[in-house]
Amino acid sequence: MRVPGDKSISHRAALIAPLASSASVVRGLSDGADVRASVRAMQRLGAAVECEEEERGLTIRCAGGGFHVTSAPRLDCGNSGTTARLLAGILAGSGVAAVLDGDPSLRSRPMRRVIYPLQAMGARIEYDGEPDRLPVRLRGRATGTLRTLRHRGRVASAQVKSAVLLAGVLARVRVEVSEPALSRDHTERMLAGMGVPLAFDPGRTGAGEVRFDPSDWEGALGGLRMTVPGDPSSAAFLIGASLLGGRTVRVADVAANPGRIGFLSVLEEMGAVVDRDPAPTQGGEPRETWTVHPPDDLRAFSIGGDLIPRVIDEVPLLAVLAARARGRSEIRDAAELRVKESDRLAVLARTLEKLGVVVGERSDGLTIRGRGGRLRGDVETRGDHRIAMAFGVLDAAGDADLRIDDRACADVSYPDFWDVLEPFRDTSRRAPSTRTGRVIAVDGPAASGKSSTARSVARRLGFVHVNSGLLYRAITWWALDRGIAEDEPSIEAAVPGLDVDLVPAHDGFEVSVAGTRPGPGLESSDVTARVSAVSALPAVREVVLERLRRAGRRHEIVCEGRDIGTEVFPDADLKVFLVADVGERARRRLRQRAVPFTEEDIEREIRRIEARDRLDRSRPLSPLRRAPGAIEIDTTSMSPDRVVDAILELAASAFR
Ligand code: S3P
């Protein structure tokens, strides 16, 4: 896949290229509303910028030479903090008068963080409405009247750093900016590439520092020629959708600036495998193609400290992944999220909680306990694009049923997002099971302990235990009885009209087929030998699926099998995927037979189980795999009681 051009680099190209003294051509800019706001603002300022839509995003051409304004224009920055804050620095540095304003979300975000240092440099700026908020009025002043500044930022902010640097460069006064942790350094890289003497350390982590010293500089910015690489923050959503759906994804030509891709290491902590393939650097910006492979089971993560600026825009996505990960994830030191397009910590906490996820909210972070089962509810995005897209990912690929109030807000950074997300949609959801009662789905490979576990869980909850394998065995038994067990076309022809069903018995269900209850006959070795082939027939699977769903409409059930969470009840309240080491599974199977066994018996059983696993996983129809949203439990070193208790605990939170 490819994603739109990086928004941060696009803003800088749109805002800085027109300031060069020679011509620039930049291709592949983001075509989202935010970057368009930057382009429009420069045009309103009289800069010679032409903008054209091409297949891969916007192309801008600028003759260079800066602005030519006569009266102070009002510049609408829309939803875009980067436009407002970088422009504040550009206007202050050029001594140009203008008013900066934005939409209600942008009007609620803090501006003092840029206005204060610019005022400290001598810029004349006033708040037109409330202090610290847009609109702000830049009074303009003669060039050459700004003072040098050493700014020590309290928070890591690329927008503040960029505003001060741009003001210094345009006013040709020495500036230094330090920040507690390095924020993205696109402005530094771009200005350095245009010939500006900057001292900074590209790609470093930890605290950040950049210095501009005009002493030996002749003062002209060279033109800019580059193609903007793909936006890692947009790629993150597609990667997140793939991980939730258990699929591998490749995203080509993404910006790999170290200040932006902290989320890759978080995904690795969650168990994903990330292959990174570098492409030639352009405009000082590294780019890469990524192939991301999902783990069987997403693990919880813990993030904080100087990683936060490098994952700052990806936290909404990481939070929805945390809701599906095994264990409790933690996000610390992220108070900055409260002043993004929305108060993202509050919105994430409130929304996830409404969906039934256990969340703790602190002033600077969240804790999120992952869970399986279906997530249902309303999402109020507060017009925040990243909130809308994060929950969009959860809805599409994460076994959920979410109503997102404002999808259109994704347009600010990713106009085609909802179309692009469509192929990630979990297809099994297209045929809802229309169950009425509560359903727990238990899947897993041969001898993973499904039956005994599902039976005990059902008993403890007062649910009915449904074993899909019994239906497959009953059909196989009937085919053997009729002498057509090897005659697949005959089975397929007869099975849709076959009277086969689950009938209530004293402990769960029994199966009745063609008026008979085969009982122990279902476990005969003849049945065992044929059941795999019979259950691979589409007509057989269809009948079994229908009977299982019928049971789900009538009872509260714990249903076990190999495709219960993926096909039969993709909307189950809780989905569990049991796994165990193959040696342990072989020993359990042999112990069930209650006769002594040797190492050789174990080896033979291992080979049998492995063969069955291969068959189950590779069959084209309903292959065995962990369903989206299913919680994997490795039972290798767990007692049966502990497995049951673990599921009951999950059920308690899924049913809340
Ligand atoms: C941006 C910087 C970040 C980021 C924002 C874009 C930029 O904000 O959250 O989406 O392009 O400079 P900070 O300025 O708070 O680092």
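## Arg473 and its partner

At 17% relative accessibility, R473 counts as buried (under 20% relative accessible area; exposed is over 50% and partly exposed lies in between, with a 1.4 Å probe and protein chains only). R473 forms a salt bridge with E523, the closest N and O atoms being 3.9 Å apart; the term denotes a side-chain nitrogen of Lys or Arg within 4 Å of a carboxyl oxygen of Asp or Glu. The two residues are 50 positions apart in the chain, with R473 in helix α16 (residues 468-482) and E523 in the loop between β25 (508-513) and α18 (525-534). E523 is exposed, at a relative accessible area of 52%.

Helices (H or I, at least four residues) and strands (E, at least two) are DSSP runs, numbered from the N terminus.

## Basis of the values

This is a predicted model, in which local features need pLDDT of at least 70 and side-chain atom pairs count only at pLDDT 80 or more, while totals for chains, interfaces and linings use all residues. Residues are numbered from 1 along each chain as its sequence is written, and side-chain values use heavy atoms, with hydrogens and water left out.

## Further salt bridges

The structure holds 57 salt bridges. One of them joins the side chains of R184 and D313 at 2.9 Å, N to O. This pair spans 129 residues, from the loop between β9 (175-179) and α7 (186-193) to the loop between α10 (308-311) and α11 (315-322). R184 is buried at 11% relative accessibility, and D313 is buried at 12%.

E330 pairs with R362 in a salt bridge whose closest N and O atoms are 3.4 Å apart. E330 lies in strand β17 (residues 328-331) and R362 in strand β18 (residues 358-362), 32 residues apart. R362 is partly exposed, at 35% relative accessibility.
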